[in-house]
Each structure stands twice: as structure tokens, then as C-alpha cells.
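Work through these exercises with the model open beside you. Try each task before you read its solution.

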Amino acid sequence: MGQVVAVVAGISTISWLAATVVTAIIESIRASDITKNPTLQAIDTAEDPEDFVKKAAHEAVDKTMTDTVLAAEAAQREAEERLRNGIQPVILPTHEEVEAAKARVAYQEGIFHFAVAGVAGAGKSSLINALRGVRNNERGAAGVGVVETTSTTGRYPYPNSDNPFVWYDIPGAGTLSQPDWLYFNNQGLFVFDCIIVLFDNRFTQTDAAILTNCRRFQIPTYIVRSKADVHISNVLNDTGYDPDEDEGDQYQSLYVQAREQFITATRATVQRNLQDANLPDQKVYIVSNRNILTITKRRKLSPEIIDEFELMKDLLEEARSRRCLLADTA
């Protein structure tokens with residue numbers, strides 16, 4: 001029972017902070033001069049793949065926080081080692097390919113382009129809606145429960161046009177019939193400021209391709225598992241819990257146990273999937289779209305919150321650090 005009290009007490013503090021912190025970051029972005037996408041800038045000015053690696057890493061060193069800088073420097077060392085061994089770390093798109101990719105997604109300078117990738121049924125549309133502060137049944141929401149085609153990328157601007165964000169739904173192919181870098185380049189994924197890889201039970205080849213090539217192009221990625229509330233409820237039901245037999249003292253303790261079991265299993269699954277794909281360890285954000293909506297709509301958070309606040313804060317802070325200059329110092 002003490003665990004439950006601790007969780008609820010912690011939430012009361014986070015509830016007050018979450019919307020305030022996220023709003024403050026967004027307002028600082030709106031008040032900033034937004035620079036060009038550093039990846040596209042490096043592609044445009046690089047003479048060859050080796051030069052691109054150096055330019056992209058230098059952009060990260062100049063603009064990002066310590067953890068990201070260390071990751072960028074590690075990626076640069078790995079890429080330079082691959083070059084010494086005759087393996088190109090990046091196949092750079094041509095100017096024509098970059099422009100074509102921009103045209104396909106209606107790219108606009110001065111705004112951030114965020115993408116969510118995953119197979120059909122993973123919950124991409126619902127996640128995009130929640131991150132935009134839109135319920136699934138509201139006007140302007142991304143379609144939920146519709147048949148997905150592998151060739152169409154959905155584009156969803158932020159409802160408040162003062163916020164310089166647009167979200168994209170990247171359909172997942174699951175199995176690739178081409179090299180990962182060719183898939184990445186053909187899809188024009190190098191134009192995005194970040195990509196959320198949304199997964200269900202395990203990574204697909206497409207997920208691994210996106211994570212691998214985003215690392216090569218120095219594009220931030222976020223591994224997310226959504227529908228946490230549904231999954232935890234399923235774990236709770238598997239314990240044999242029956243609400244009709246609960247006299248009021250079972251649910252909370254069993255819920256905490258089910259929640260911890262799901263979180264532990266999910267983090268272990270992601271770590272194993274990353275190892276299987278020869279990728280470095282990376283944080284996984286476990287979220288419920290319902291809880292994200294409480295942040296984007298500035299409402300009281302549920303005690304069931306897990307990583308929703310951290311996902312939004314980390315994504316916005318990294319976007320700001322990569323592309324924003326304070327207007328009075330620009």
C-alpha cells in the first residue's frame with residue numbers, strides 16, 4: 001500500500017509541473033529564431049560521406065546537450081572506423097533527391113517536422129493525435145482504425161498554428177526487400193527532425209532500419225510503446241483479478257504489481273531487440289495516449305502516468321537545442 005501512496009504523492013507534484021514545463025519549452029521555441037535542419041544542412045554542404053559525418057557531428061557538438069554530444073562523437077568514431085575499412089556509413093542523397101523528399105512531405109522552413117513510424121495497428125494515429133492535443137473523434141484528427149497503405153505518409157499540422165510543429169505518420173513495411181539505407185533514402189526520412197519508432201511486441205526490419213540510419217544521419221530517435229493502459233489491464237486480468245470479488249483492498253496493490261511487471265518486461269524486450277539488431281542500448285518510453293492528452297490539454301495527470309511527460313519534454317528540448325537560437329542573440 002505504501003507503493004500506491006508514493007505513486008499518487010509523486011503524481012501530484014508531476015501533475016503541476018508537466019503542463020507548465022512543456023508549455024514553457026514551446027513558448028521558448030516560439031520566441032526563438034529557428035535555424036535550418038542540421039542534417040539537411042550537412043547533406044547540402046558535404047563533399048563526401050566522410051565530410052558529412054564530421055559536419056553532422058560538429059552540428060551536434062555545437063547545438064546539443066552533453067549526452068547527445070557524447071552519442072554524436074561515438075557515432076562519428078564508429079563511422080570513421082567504417083570508412084577506414086572501406087564501408088560507407090552514409091549514402092548521401094543528391095540535391096534532387098532532397099528536394100523531391102521535401103516536396104513529398106510539404107516541407108516548410110522554420111518549422112519542426114516530427115514523424116512516427118510503425119506497422120499498421122501499432123497506434124500511430126492515436127499517438128499523433130494525443131501529441132497534438134486532439135482526441136480521436138475531434139475535427140482534424142488523424143484517422144484511426146482505417147486501412148493503411150505502405151506508400152502514403154500522413155501529414156498533420158499542430159492545431160495551434162502559432163506552434164511550429166507538424167507530425168507525420170510513416171507507414172511501416174515490416175519486412176524490407178531492399179538494403180536498409182536504400183529504404184531510408186527512398187522514403188526521404190532524412191528530412192525529419194526526429195522519428196518516433198512505435199512498436200508493439202518486437203522490432204520489425206523497418207524499425208531497425210530507421211534506428212540504424214537515423215544514427216548514421218545524426219537524427220534523434222525515440223523508441224515508444226503505447227497503449228500502456230491496455231497492456232497493464234491485460235496483465236492485471238491475467239493474475240485472475242475479479243472486480244466483482246474485490247472488497248476494495250485488492251485493486252491498487254495488484255495494479256502496482258501488474259504495472260511494474262509490464263514496465264520491466266517491456267524494457268527487457270527493447271534491450272534484447274536492440275542487441276539483436278546490433279544497435280546500442282536506448283531508452284524506451286512507455287506511454288498511454290490518454291495520459292499524453294492530459295498534458296497537451298493541460299489537465300490533471302492520472303496516477304497511472306509512466307513516461308508521457310518525459311517523452312514530450314525530451315523531444316521538445318532536443319528539438320529546441322538542435323535548431324533554436326534566442327531571438328535577441330541570433
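**Exercise 1. The largest cavity**

Task: Sort the lining of the largest cavity by residue class, then find which element gives the most to the lining.

Solution. This is a predicted model, so keep that in mind throughout.

Step 1. Start with the classes. Seven lining residues are nonpolar, three are charged and none is polar.

Step 2. Asp, Glu and Arg count as charged.

Step 3. Look for the elements. Strand E2 (112-118) and H12 each give two or more residues to this lining. H12 gives the most, with four residues.

Step 4. The largest cavity holds about 40 Å³. A search of the whole structure finds two cavities of 30 Å³ or more.

**Exercise 2. H11 against H12**

Task: Decide how helix H11 (residues 289-296) is set against helix H12 (residues 308-323), and list the residues that meet.

Solution. 

Step 1. Read the geometry. The two helices pack at about 55 degrees, and their axes lie 9 Å apart.

Step 2. Name the arrangement. Roughly parallel needs an angle under 35 degrees, and roughly perpendicular runs from 65 to 115. The angle therefore makes H11 oblique to H12.

Step 3. H11 and H12 cross in a right-handed way.

Step 4. List the partners. H11 brings Asn-291, Ile-292, Ile-295 and Thr-296. H12 brings Glu-308, Phe-309 and Met-312.

Step 5. Class them. Four residues of this contact are nonpolar, two are polar and one is charged.

**Exercise 3. H9 against H10**

Task: At what angle do helix H9 (residues 228-238) and helix H10 (residues 251-276) cross, and which residues make the contact?

Solution. 

Step 1. The axes come within 9 Å and cross at roughly 115 degrees.

Step 2. This crossing of H9 and H10 is right-handed.

Step 3. From H9 come Ala-228, His-231, Ile-232, Val-235 and Leu-236. From H10 come Tyr-251, Leu-254, Tyr-255, Ala-258, Arg-259, Gln-261 and Phe-262.

Step 4. Nine residues of the contact are nonpolar, two are polar and one is charged.

Conventions:
Residues numbered from 1 in each chain as written. Predicted model: local features only at pLDDT ≥ 70, side-chain atom pairs only at ≥ 80, totals over all residues. Heavy atoms only, no water. Axes fitted to C-alpha atoms, helices over the stretch in contact; angles between N-to-C directions. Parallel < 35°, antiparallel > 145°, perpendicular 65-115°, else oblique. Left-handed = near helix turned anticlockwise from the far one by under 90°. Contact = heavy atoms within 4.5 Å. 1 Å grid on protein atoms, 1.4 Å probe; cavity = no way out; pocket = protein on both sides within 12 Å on 5 of 7 lines; lining within 4 Å. Points joined across faces, edges and corners; volume = space filled by probe spheres on them.
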